[in-house]
Amino acid sequence: MESVKKQVTDFLNRCEEIRKCKFIMATTKIKDLLKSIVNSAELYELFNTVVSKFDYTAAKQRYLVDGNNGMYSNSFVVLPDTVGERLAFIFCLLVEFDRDEINFNSFLQRYYPKDGSYYASYHAFCDEVIVSLENIIKDVFSGELAEDEPEEPRQLPPMSEVAPDASRASQISHIALLIARESDFISRSSLQKDDVQAALKILGQLSSAVRLCDKEQIEALVCGYNYFVSYSGAVSQDIDLLFNAIAEFVE
């Protein structure tokens, strides 16, 4: 398997590709960036952790500021102050761009309206959002990036650790976001503490099983969580989306 340094370096290279690519290639490069997260256990765990208790719906209302001065829109983006919230917000935003749940072109013209051109808007977005993402990851993994790596013969990973392609990575990122929303719903619910902990444990294992593309484990955990939902009556507004996304993933 690749070292943490190689995985993080690949992620940073993907960020650089986003900043330097032509605007028309942006969504493809975002897909590649999400793939590099899914293909790294350490990066995936980092983003999964920060997203797990992050209320993205509330965050969008807080950090996507809409305004109008009477003549034209002066909407803008405010990035969260804390590292965890900033990582979570940027990750969720990129997933929504990738899934076209937020149209990237419309987003740029609404929140980064520089001179009326997509080119200028895109680079303003990169300078604020992508550069911020790069800098945080460099800080978080500064120790690993500074390490010298010994030369080792390349070995093929086990089948459960084979990196998914861009399409599968997109699905995994989307499911991770839905699991994070479900975890946040459970954490905020009025369920007994033991029930909350049990549900969060199932969801955490489900997230890991999805990343490893372990179909048998996924199906067992979905069955268990479905039983929990029926037993507890804790039905979130995203539960159907989550189950449908997983069903599509394991087909």
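Does helix 11 pass helix 12 in a left-handed or a right-handed crossing?

Mentor: The model is predicted, so local features need pLDDT of at least 70 and side-chain atom pairs count only at pLDDT 80 or more, while totals for chains, interfaces and linings use all residues. Residues are numbered from 1 along each chain as its sequence is written, and side-chain values use heavy atoms, with hydrogens and water left out.

The crossing of helix 11 with helix 12 is left-handed (the near helix is turned anticlockwise from the far one by less than a right angle). Helices here are DSSP runs of H or I with at least four residues, numbered from the N terminus. The axes of helix 11 (residues 215-232) and helix 12 (residues 239-250) come within 11 Å, crossing at roughly 160°; axes are lines fitted to C-alpha atoms over the stretch in contact, with angles from 0 to 180 degrees between N-to-C directions. The two helices are therefore roughly antiparallel (over 145 degrees). In contact terms (heavy atoms within 4.5 Å), Lys 215, Ile 218, Glu 219, Val 222, Tyr 225, Asn 226 and Val 229 of helix 11 meet Ile 239, Phe 243, Ile 246, Phe 249 and Val 250 of helix 12. By class, these are nine nonpolar, one polar and two charged residues, where Ala, Val, Leu, Ile, Met, Phe, Trp, Tyr, Cys and Pro count as nonpolar, Asp, Glu, Lys and Arg as charged, and the others, Gly among them, as polar.

Ile 30, Lys 31, Leu 33, Leu 34 and Ile 37 of helix 2 touch Phe 91, Leu 94, Val 95, Phe 97 and Asp 98 of helix 5. Eight of the residues in this contact are nonpolar, none polar and two charged. This crossing, too, is left-handed.

For helix 3 and helix 5, the axes come within 8 Å and cross at roughly 100°, so helix 3 is roughly perpendicular to helix 5 (65 to 115 degrees). Leu 46, Phe 47, Val 50 and Val 51 of helix 3 meet Gly 84, Leu 87, Ala 88, Phe 91 and Cys 92 of helix 5. That contact holds eight nonpolar residues, one polar and no charged.

How values were computed
Parallel < 35°, antiparallel > 145°, perpendicular 65-115°, else oblique.
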